[in-house]
Amino acid sequence: MTAPGFPAAPPLDVAAMAAARRRWASRAEPPGALGGLEDLAVHLAGVTGRCPPPVPVSPAVAVFAGDHGVVTDGASAWPSAVTAAMVETMSAGGAAICVLAGGIGAPVTVVDVGVASPLEHLANVRHERVRPGTASIARGPAMTVEEAAAAVDVGGRIAGELVDAGADCLIGGDMGIGNTTAAAALVGAVCDRAAEDVTGSGAGVPTLGQGHKQQLVAAALRRAEGWADPLDLLALLGGLEIAALAGFYVTAAGRRTPFVVDGAIACAALCVADLLSPGAAGHAVAGHLSAEPAAGIALEHLGLRPLLDLDLRLGEGTGACLAFPLVKAAAAALGQMAELPGEGSAA
């Protein structure tokens, strides 16, 4: 099912992938000795349509921020005001994502797509607010379908701008108190899993306890039973930053630009992106396995193998940044390793 206005993702280039496998077979190593790194290089060949795939040297990070009405129902240990405070920290370069992105040479674009507090005074923030936070998904729809589509469009436009500016690998991040609740509900709905399976502690166990958070997710899932359209699902259960991330991934796949997916919120967005544009998830690189249970369930559902497992659960794109050097190494190894003596030239 493809949502109206969203084309299916281009298929992976099977000829380039076959050429990459042949090239690995002739490199100066025992067959398969680089394990998952070889699989990653083959995947990059399929995404880019080139063998060997180009070594990414210009990664770019976009962090989408939005607030969640379900916080008023006790979904988080933190108040919604922390979202705005963290966006300000990001705009000043002091957040974890800024440090880790700097380590890989990636500029960070911080996007207010739905923060409740006014942020117009922050010069280093893209002001793309669709609405000031969502409504509580435990009580009703998070937003309208039109607002969900607008947030998806924000993410898609920014991905396109980054690629047009020369980015050759995209990393999406998130910021939003309460967003693990929305992500859990989305993953539960897409993957047909119960609230207790997908609900984790997020940024900290809510004051009313983990069981209360599960009840909020369960209430949201009951309201979403029988969903049919991915934009409807986003409107029912999503967040504005999750919708923007979904659009970011759809465009990255459509532009054949490698993208690295982060934690639970990003994985929920990728589930939706793959519904909006079937095949989009097949272009993704799973950066890491988040400690949030929804992430592992989503990755299994999408058939993706995470590169790292460090018990991370911060979000922001941090785990994806940590995984980027492996993406770069995989492409470089396939492209630059010598042939085995006596082997014929491989593509």
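The largest pocket here has a volume of about 420 Å³. (A pocket is an open set of points on a 1 Å grid over the protein atoms alone, where a 1.4 Å probe fits, with protein on both sides within 12 Å along at least five of seven lines; lining residues have an atom within 4 Å of a point. Its volume is the space filled by probe spheres set on the points, which are joined across faces, edges and corners.) Keep in mind that this is a predicted model: local features need pLDDT of at least 70 and side-chain atom pairs count only at pLDDT 80 or more, while totals for chains, interfaces and linings use all residues. Residues are numbered from 1 along each chain as its sequence is written, and side-chain values use heavy atoms, with hydrogens and water left out.

So who lines what? In the largest pocket, Asn179, Gly202, Ala203, Arg313 and Leu314 lie nearest the centre. Elements giving two or more residues to that lining are α3 (81–91), β4 (169–175), α6 (179–191) and α11 (264–276). Helices (H or I, at least four residues) and strands (E, at least two) are DSSP runs, numbered from the N terminus.

Over in the second largest pocket, the residues nearest the centre are Asp39, Leu40, His43, Arg305 and Leu307. Here α2 (36–48) and β6 (284–286) are the elements that give two or more residues to the lining.

Here are the two side by side, with Ala, Val, Leu, Ile, Met, Phe, Trp, Tyr, Cys and Pro counted as nonpolar, Asp, Glu, Lys and Arg as charged, and the others, Gly among them, as polar.

| Pocket | Volume | Lining | Classes | Top contributor |
|---|---|---|---|---|
| Largest pocket | about 420 Å³ | 30 residues | 11 nonpolar, 13 polar, six charged residues | α6, three residues |

Six strands form an open sheet in the order β3-β2-β1-β4-β5-β6, with parallel pairing; two strands pair if DSSP finds at least two bridges between them. At the edges sit β3 (125–127) and β6, each pairing on one side only. Three bridges join β2 (residues 108–114) to β3, and aspartate 112 stands opposite histidine 127 in β3.

Last, a helix pair. The axes of α5 (residues 145–164) and α10 (residues 240–254) come within 6 Å and cross at roughly 45°. Axes are lines fitted to C-alpha atoms, for helices over the stretch in contact, and angles run from 0 to 180 degrees between N-to-C directions. That makes α5 and α10 oblique to each other, the class left once angles under 35 degrees (roughly parallel), over 145 (roughly antiparallel) and 65 to 115 (roughly perpendicular) are taken out.
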